[in-house]
Each structure stands twice: as structure tokens, then as C-alpha cells.
Amino acid sequence: MVRSRTVWATAALMTAALGVAAVPAEATPVAAARAVACPTGWGSLDKAYTAASLESVRSVRTGSHDCYDRMVVDVPGAGSDDLGFAVRYVDGIHQDGSGRPIPVGGGAILEVRVHAPAYDPDTGSPTYPATPGRPLPGVDLTGYRTFRDARFVGSFEGDTQIGLGVRARLPFRVLRLADRLVIDVAHTWGTAR
């Protein structure tokens, strides 16, 4: 009888321990807090702001975030009200002035036009060391979820063109900040990543 109770008590303890161990850690409230709610409502239609800056484009950089991939065009000295742009999906990109087509990889292409030169307006000297048709200097898109290619198209009559190849036509937004223009392209059309 004592042996029976010991066996049953041991079995009950093991069942309780196994039951606790079988509950997945993801079922806790902490795991629910880890889910990222991604913004929606950006849309994929053309976005533009009419203004122009005589300050010059100095660099372009990118970053990958939970909900979107980001491109930042640095224009030091430009105020947010002076930084004009036109960003839109296109079937192909042609260089201003020459009309030369610039191939850009990806399932869809965003033309990023910044109303600021990539050269010094007084001397004509380049301020951003990029070559038309080539990938953007210092930009490595390896491992990005949305960005596929980023090409310098050119800078002509105060406008700088960049071709941004993305996985598909996805929602995007454009933010004007002091000294920079920010383009975010969502990873999905949904609300969570």
C-alpha cells in the first residue's frame, strides 16, 4: 500500500512537471508583446513636394527595419521645407538630359527624384561620388527584405535621380527632415510582420 501511494505520488509529480514543460514559451503574454504592429495606409501612389534646395546631396544610405526598408538621402544644410522630391513607381528609368535608360533590378522600380543637385552649383564639382548606371556607393542591400537594387541615375539641372529596385509594388512613405529625405518601403501590405 505504501509502495502504491509512492508510485502514484511520483506519477502525479511527473505529470505536473511534464504539463508545465509542455506549455510553449511563446504562449506567454511576453511573446504577444513581441509581435510588431506595422503601419498601414502609406499606399503606393506618387508622392511629391514642390520645393528646391541649392544645398547638395552628399550621401545615400540604407537600413532594414522590422516593418520596412529605408533609404536616406543626406542633403546637409537643407531645411525640411526646402527639400523637394518626387517619388513614384515607374516601368523604367531614363536619365534626365540624355534619355539614357538605366536598368534597375527588382520586381518594381521606384524613381526617387530629389530636388537638390549632387554637385556644387558654383563649381559643378560632384558632391556625391556616384556614377550613372552604377550601384550607389557604400550601399549593400544583402539580406534586405524589400530592397533589391539601388542605382544612381544622374543629377541634372538641380535634380538628382535614383532608381530603387524593390521586391514588388509595395506601400511607401517619404519623410522630409532637416538635412535629409527618408524613403521607407514596407515589407508587406499587411499590418504585422
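Biologist: Which residues touch the most other members of the largest nonpolar core?

Modeller: In this predicted model, they are Met71, Val73, Leu136, Leu164, Ile183 and Val185, and the core has 34 residues.

Biologist: Which elements give two or more residues to this core?

Modeller: Those are S3, S4, S7, S8, S9, S11 and strand S10, which covers 172–177. S7 gives the most, with four residues.

Biologist: Take Ile183. What is Ile183 in contact with?

Modeller: Leaving aside neighbours within four places in sequence, Ile183 is in contact with Asp69, Arg70, Met71, Val73, Val87, Val112, Phe147, Arg173 and Val174.

Biologist: Let me step back. How many helices and strands does the chain have?

Modeller: The chain has two helices and 11 strands. Along the sequence the pattern reads α-α-β-β-β-β-β-β-β-β-β-β-β.

Biologist: And what share of the chain counts as buried?

Modeller: 39% of the 193 residues. As for contacts between residues at least 6 apart in sequence, 67% of them join residues at least 24 apart.

Biologist: On to the sheet. In what order do the five strands of the open sheet come?

Modeller: The order is S1-S4-S7-S9-S8, with antiparallel pairing. S1 and strand S8 (147–156) are the edge strands, and each pairs on one side only.

Biologist: How many degrees are neighbouring strands of this sheet turned against each other on average?

Modeller: By 15 degrees, with direction ignored.

Biologist: What holds strands together in a sheet, in general?

Modeller: Strands of a sheet pair through backbone hydrogen bonds, in either a parallel or an antiparallel way.

Biologist: Is Lys47 buried or exposed?

Modeller: Lys47 is buried, because its relative accessible area is 19% and the limit for buried is under 20%.

Biologist: What does the side chain of Lys47 reach?

Modeller: Backbone oxygens: that of Gly43 at 3.4 Å and that of Leu45 at 3.1 Å.

Biologist: Which residues does Lys47 touch, not counting those up to four places away in sequence?

Modeller: Trp42, Phe85, Ala86, Val87, Phe172, Arg173 and Val174.

Biologist: New topic, salt bridges. What is the count?

Modeller: The count comes to nine salt bridges. One of them joins the side chains of Arg70 and Asp184, at 2.6 Å from N to O. Arg70 is in strand S3 (residues 68–74) and Asp184 in strand S11 (residues 180–186), so this pair ties together parts that are 114 residues apart in sequence.

Biologist: Is Asp184 buried or exposed?

Modeller: Asp184 counts as buried, at 0% relative accessibility.

Biologist: What about Arg88, which residue does its side chain meet in a salt bridge?

Modeller: Glu111, at 3.1 Å from N to O. Arg88 lies in strand S4 (residues 85–90) and Glu111 in strand S7 (residues 108–114), so the pair ties together parts 23 residues apart in sequence. Arg88 counts as partly exposed at 37% relative accessibility, whereas Glu111 counts as buried at 5%.

Biologist: And which residue forms a salt bridge with Asp159?

Modeller: Arg113, with the closest N and O atoms 3.6 Å apart. Asp159 lies in strand S9 (residues 159–166) and Arg113 in strand S7, so that pair ties together parts 46 residues apart in sequence. Both Asp159 and Arg113 are buried.

Biologist: Which residues do salt bridges with shared partners join into one network?

Modeller: Arg88, Asp96, Glu111, Arg113 and Asp159.

Biologist: Last one, Ser53. Where is Ser53 placed?

Modeller: In the loop between strand S1 (47–49) and strand S2 (59–64). Ser53 is buried, with a relative accessible area of 7%.

Biologist: What does Ser53 touch, leaving out residues up to four places away in sequence?

Modeller: Ser53 touches Ala78, Asp82, His115, Ala116 and Pro117. Within the part of the sequence left out there, a polar atom of the Ser53 side chain lies 3.0 Å from the backbone nitrogen of Glu55.

Terms used. Residues numbered from 1 in each chain as written. Predicted model: local features only at pLDDT ≥ 70, side-chain atom pairs only at ≥ 80, totals over all residues. Heavy atoms only, no water. Buried < 20%, exposed > 50% of the residue type's maximum accessible area, 1.4 Å probe, protein only. Polar contact = N/O pair within 3.5 Å; in protein donor to acceptor, adjacent residues only side chain to side chain. Contact = heavy atoms within 4.5 Å. Salt bridge = Lys/Arg side-chain N within 4 Å of Asp/Glu carboxyl O. Pairing = 2+ DSSP bridges. Axes fitted to C-alpha atoms, helices over the stretch in contact; angles between N-to-C directions. Core = buried A, V, L, I, M, F, W, Y, C linked by side-chain atoms within 4.5 Å.
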